Amino acid sequence: MSNHQIVLASTSPFRKAILEKLQLPFSCCKPETDETPLENESAIELVERLAQLKAQAGFKLHPNNFVIGSDQVAFCDGEILGKPGNFDNAFAQLTKLSGKAVKFYTGLALINPEGQLKSSVEVFEVHFRNLTSDEITAYLHLEQPYNCAGSFKSEALGITLFDKLLGDDPNTLIGLPLIKLCEFFRAFGFDPLIQKR
């Protein structure tokens, strides 16, 4: 491994678990960022801007390192879907999403030790099957996905809610596009596969 460390500018346990797949040492930090959308900002513009802001906030705390920032929103029928927070909101959200396709936009930003930035937005599409009220209630009681945009955990029991998933990288849906992240690392001359460990 080089002298440069990797820092994940996130407190999400889901993103931490994804990054652990690369089997590289890293630390996490909490990026202090204002996540308020700007006026007339699209979902894609929002997640890319917030991913960049999180990476930049992390880089201020940990300069001269690789710093990763990421942000995600769900989008359906022209509306950004937030985290439900409780059963009633999650029930309403899943009822609305039943039988529909939902796009998840995940912003990714990587700053290298010299302060150079690469960023992108990766798209993943989830097709919900037609769900009954009993199915929604049973799912929510079992998994309680109240801190997840879209009211489900695709890496767990949420998979039972779908007809199909469309995207390049299943990690994108959980919140950290690893394929694109590795591409960014290599572009900065750091190959995650052949670093000295």
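**Pocket and helix packing**

1. The largest pocket has a lining of 36 residues, and nearest its centre lie Ser12, Arg15, Gln72, Lys83 and Asn147. A pocket here is an open set of points on a 1 Å grid over the protein atoms alone, where a 1.4 Å probe fits, with protein on both sides within 12 Å along at least five of seven lines; lining residues have an atom within 4 Å of a point. This is a predicted model, in which local features need pLDDT of at least 70, side-chain atom pairs count only at pLDDT 80 or more, and totals for linings use all residues. Residues are numbered from 1 along each chain as its sequence is written, and side-chain values use heavy atoms, without hydrogens or water.

2. Strand E3 (66-76) gives the largest share of this lining, five residues. Helices (H or I, at least four residues) and strands (E, at least two) are DSSP runs, numbered from the N terminus.

3. In helix H3 (residues 87-97), Ala90, Gln93, Leu94 and Leu97 are buried (under 20% relative accessible area, 1.4 Å probe, protein chains only). They lie on the same side of H3 because they cover an arc of only 95 degrees around the axis, taken from the directions from the helix axis to the C-beta atoms.

4. Asn86 caps the N-terminal end of H3, with a side-chain oxygen 3.2 Å from the backbone nitrogen of Asp88. Gly99, with a positive phi near 75 degrees, follows H3.

5. Helix H6 (residues 178-187) has buried residues including Leu178, Lys180 and Phe185. After H6 comes Gly189, with a positive phi near 80 degrees.

Conventions. Buried < 20%, exposed > 50% of the residue type's maximum accessible area, 1.4 Å probe, protein only. Polar contact = N/O pair within 3.5 Å; in protein donor to acceptor, adjacent residues only side chain to side chain.
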